[in-house]
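Subject: Structure handover

Hello,

Please find the structure below, followed by notes on what was found in it.

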Amino acid sequence: MDPKAVKSDLVLILDYGSQYTHLITRRIRSLSVFSLTISGTSPLKTITDLNPRVVILSGGPHSVHTDDSPSFPPGFTEWAEANGVFVLGICYGLQLIVQRLGGVVRVGEKQEYGKMEIVVESNSGVFGSNRVGDRQVVWMSHGDEVAKLPQGFRVVAQSQQGVVAAIESPERRFYGLQYHPEVTHSPGGMETLRYFLFDVCGVSAGWKMENVMEEEIKVINSTVAPEDHVICALSGGVDSTVAATLVHKAIGDRLHCIFVDNGLLRYKEQERVMETFEKDLHLPVTCVDASEQFLSKLKGVVDPEVKRKIIGKEFICIFDDFAHELEKKLGRKPSYLVQGTLYPDVIESCPPPGSGRTHSHTIKSHHNVGGLPKDMKLKLIEPLKLLFKDEVRQLGKILNVPLGFLKRHPFPGPGLAVRVLGDVTAGNALEVLRQVDEIFIQSIKDAGLYDEIWQAFAVFLPVRSVGVQGDQRTHSHVVSLRAVTSQDGMTAEWYYFTHEFYDDVSRKICNSVRGVNRVVYDITSKPPSTIEWE
C-alpha cells in the first residue's frame, strides 16, 4: 500500500532492533493512526519522501557510545526541526537523541530491567495528562543512562532509583522515554502514546480498513496488467483466504486459486476447507494432492529450518507446474503468485536489508518468506504483508468472508510438519497427531472457549513414556497440548483451563487414540518461547 494514499498522518518508526518495535506499530494503529516501520539507518531521502508527521526512534540492544552503534542519517535533526516533525525516542531512541544532540550517555551505575516505578517531575507534553508527583509503573530494559542533557532539554520524569526516565524539548519538538510504553507491562503506556500523538503532535486519525482495501485494490490493478493472470496459494487459513478474496475483487476471473494437500493437514482438513471455498466464498479453486511428494522429501529430516525450506521449495514447484497447466489452457502463463504473508511473518523471518529489520535476528524462517527459493519464477503479490492478524480479520469482514471462517485459529504454513518434533514420516506420528488435535479442538468448542483462545493445537513429542492401560504395561507416545491468548501473535500468554477440562480432554485422548498414554500441557508464554514448537 502507498503510505501517501492513507487518510491519516503517518507515524514513522525507525527500527534499531528492539524486540518490541512491532508493538509500537501495532499500538499506534489501534488508535486509528497509520504507522510504518523502516530501518533506523535508512537514507534521509527515504524518510523525507514518506513525509511523516511524527518519527519514533525505537529501542535496541546497542549502546550509543560504541563506534558501531546504528543511528539516524546525517541531516535528520535539521530536517525534523525545519519541517515541524515531532520526534519521540524510546529507550535506545532516547539515548540516541541525547548523544546526537550534544548530551552524554554512559554505562549506568544502576541497570534497570523489568517493572520500575517512575515519578513525574514537571508538567510536560509527554505526561500532560499527569500531575507533578504522580507515579506510574513502567517497563524498563536498559543498561546505559543519561548523564548530561543536550541544551534546551529538561527532565520530566525519573525512576525510583534516580535515573532519567523521560526528557523533552518542546521548542525543538524532541521527546524521549527511557522505558517502553508500547508493552502491556507499562499499564499507562497506551495513554501516554495517545496523549502524545493527539494532544501534543496534533495527529489526525484516519487509518481504516476500508482505506486499506481501496488502496490495495488500486495497487493490485496497477501491478497486474489487464492481460495477466494470477495464481493464489490457498492454505485454508484466514490469511490466504482474505488475500484471495481481495485479489479476486480486484481482478475477477483472472485469479486462479490452488489448494495443496501436502500430507501435513489436520483431520479432514481438505474436505472441510474445499466445501467452504466452493459454497461460501465462491472462489475458483483447484485441489492438488501432493502428499507423497512432500512426505518423501521430508523423510528423515529433523531440523525445523530445513523442514520449512523444503516445504517452501516444494510449494513453489507445484505452483510452477500449475502455472504451466494454466498456460496450456489460457495461452498465457500466469506471472504472479498471491500469498497471505502477514507483518509478523516478515518480522520473524528477518528479511534482507531494505525491509526495515536490519538490526534484529531471525527467529524462524516462514515457508512463505525465508523459505522461498531464490530462483522462483513467479513474482509475488502480498497484499497483507503490512497487516497484523486482527487487522486481516477486520479486512475479511469488510470483504464479506464468513465470520465463522474468520474466527478460525491460525494454522502454520508448514502444517503439522512443525508440530511433529523430529521426522514427520516416522511411524504413525501424523495420524496420531491428527486424532489428538481433533479431540482437543472439539473439546474447546464444546466448552464454548474457542473464541476466547488465539490458537490451540497439539504437538507430537519424540519421546515415549511408560504407562498402564488395560492392566498392561505400555510404552507409548507423549503429546503436548498448547493454547494461548494473544492480540497479534507477536506476544502470547498460555490459556488457563479448568482442572475439569484438563482431566476430561486427557481422558478422551488416552482412551480414543491408540498409542498415546501421556498428555502434557505447555504453560510457557511468548517470549521466551514461540507459539509453535518449531
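Where is the place of glycine 237? Glycine 237 sits in the loop between β10 (230-234) and α7 (238-251). Helices (H or I, at least four residues) and strands (E, at least two) are DSSP runs, numbered from the N terminus.

Before the rest, the conventions. This is a predicted model, in which local features need pLDDT of at least 70, side-chain atom pairs count only at pLDDT 80 or more, and totals for chains, interfaces and linings use all residues. Residues are numbered from 1 along each chain as its sequence is written, and side-chain values use heavy atoms, with hydrogens and water left out.

Annotated site

The UniProt entry, which is unreviewed, lists Ser235, Gly236, Gly237, Val238, Asp239, Ser240 and Thr241 under "binding site". UniProt positions are given in the numbering used here, feature names are shortened, and annotations may be inferred rather than shown by experiment. Glycine 237 has 16% relative accessibility and therefore counts as buried (under 20% relative accessible area; exposed is over 50%, partly exposed in between; 1.4 Å probe, protein chains only). Threonine 241 lies in helix α7 and, at 0% relative accessibility, counts as buried. Not counting residues up to four places away in sequence, threonine 241 touches Leu234, Gly236, Phe277, Leu281 and Phe405. Contact means heavy atoms within 4.5 Å.

Helix pairs

Two packed helices are described by the angle between their axes and the distance between the axes. Axes are lines fitted to C-alpha atoms, for helices over the stretch in contact, and angles run from 0 to 180 degrees between N-to-C directions.

- α9 (residues 291-298) and α10 (residues 304-330): the axes come within 10 Å and cross at roughly 150°, so the two helices are roughly antiparallel (angles over 145 degrees; under 35 is roughly parallel, 65 to 115 roughly perpendicular, the rest oblique). From α9, the contact is made by Gln293, Phe294, Lys297 and Leu298; from α10, by Lys307, Ile310, Ile311, Glu314, Phe315 and Ile318. These residues divide into 6 nonpolar, 1 polar and 3 charged. Ala, Val, Leu, Ile, Met, Phe, Trp, Tyr, Cys and Pro count as nonpolar, Asp, Glu, Lys and Arg as charged, and the others, Gly among them, as polar.
- α14 (residues 429-446) and α15 (residues 499-512): the axes come within 10 Å and cross at roughly 150°, so this pair is roughly antiparallel. Gln435, Val436, Ile439, Phe440, Ser443 and Ile444 of α14 meet Phe501, Val505, Lys508, Ile509 and Ser512 of α15. By class, the contact has 7 nonpolar, 3 polar and 1 charged residues.

Other buried positions

Helix α1 (residues 21-29) is mostly covered, with 9 of its 9 residues buried. Among them are Thr21, His22, Arg26, Arg27 and Arg29.

Valine 484 is in strand β16 (residues 472-485) and counts as buried at 0% relative accessibility. Leaving aside neighbours within four places in sequence, valine 484 is in contact with Ile453, Trp454, Gln455, Ala492, Glu493, Trp494, Tyr495 and Ile531.

Proline 344 lies in helix α11 (residues 343-349). Its relative accessible area is 9%, so proline 344 is buried. Not counting residues up to four places away in sequence, proline 344 touches Leu387, Phe388, Asp488 and Met490. The C-alpha atoms of proline 344 and valine 230 are separated by 24 Å, and the two residues are 114 residues apart along the chain.

Regards
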